[in-house]
Amino acid sequence: MKGKALDYLKASAGALAIMVAAGMIADFDVMVENDTIYVTVWSASDEPDAKLRKHVAARLPGVIGESRIFVNRDGVIAV
């Protein structure tokens, strides 16, 4: 991973850490495959998966769309 992709990864991890501290999500995992960033978040509330995915995507760099965010709720990952 080079240049911009590394910047996006750092920015994503920072934004996700702020979301954990705020109680919006319980935890997160960031994975990079073929220069594409994928994010898994653990839900901290009963918010619907689609709504949570949309909120998380809005706070991440634009290159990480909703389709690259997965919600883990009680061990079940929603795509």
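This report describes the strands, a helix and selected side-chain contacts of a predicted model.

## Basis of the description

The model is predicted, so local features need pLDDT of at least 70 and side-chain atom pairs count only at pLDDT 80 or more, while totals for chains, interfaces and linings use all residues. Residues are numbered from 1 along each chain as its sequence is written, and side-chain values use heavy atoms, with hydrogens and water left out.

## The sheet

Strands of a sheet pair through backbone hydrogen bonds, either parallel or antiparallel. Here four strands make up an open, mixed sheet in the order β1-β2-β3-β4. The edges are taken by β1 (25-33) and β4 (76-78); each has a single partner strand, so one side of each lacks a neighbour in the sheet. On average, neighbouring strands are turned by 25 degrees against each other, direction ignored. Strands (E, at least two residues) and helices (H or I, at least four) are DSSP runs numbered from the N terminus, and two strands pair if DSSP finds at least two bridges between them.

β1 and β2 run antiparallel and are joined by eight bridges; F28 has V41 in β2 as its bridge partner. The two strands form a hairpin with two residues between them, and N34 in the turn has a positive phi of about 50 degrees. β2 (residues 36-43) and β3 (residues 69-73) run parallel, with four bridges. T40 stands opposite F70 in β3, and W42 has N72 in β3 as its bridge partner.

Six of the eight residues of β2 are buried, so β2 is largely enclosed by the rest of the structure. Buried means under 20% relative accessible area, exposed over 50%, and partly exposed in between (1.4 Å probe, protein chains only).

## The helix on the sheet

Helix α2 (residues 49-59) packs on the sheet and touches β1, β2, β3 and β4, where contact means heavy atoms within 4.5 Å. The direction of α2 makes about 130 degrees with that of β3; axes are lines fitted to C-alpha atoms, for helices over the stretch in contact, and angles run from 0 to 180 degrees between N-to-C directions.

## A salt bridge

The side chains of R73 and D49 form a salt bridge (2.5 Å, N to O), defined as a side-chain nitrogen of Lys or Arg within 4 Å of a carboxyl oxygen of Asp or Glu. This pair links R73 in strand β3 with D49 in helix α2, 24 residues apart. R73 is partly exposed at 23% relative accessibility, and D49 is partly exposed with a relative accessible area of 23%.
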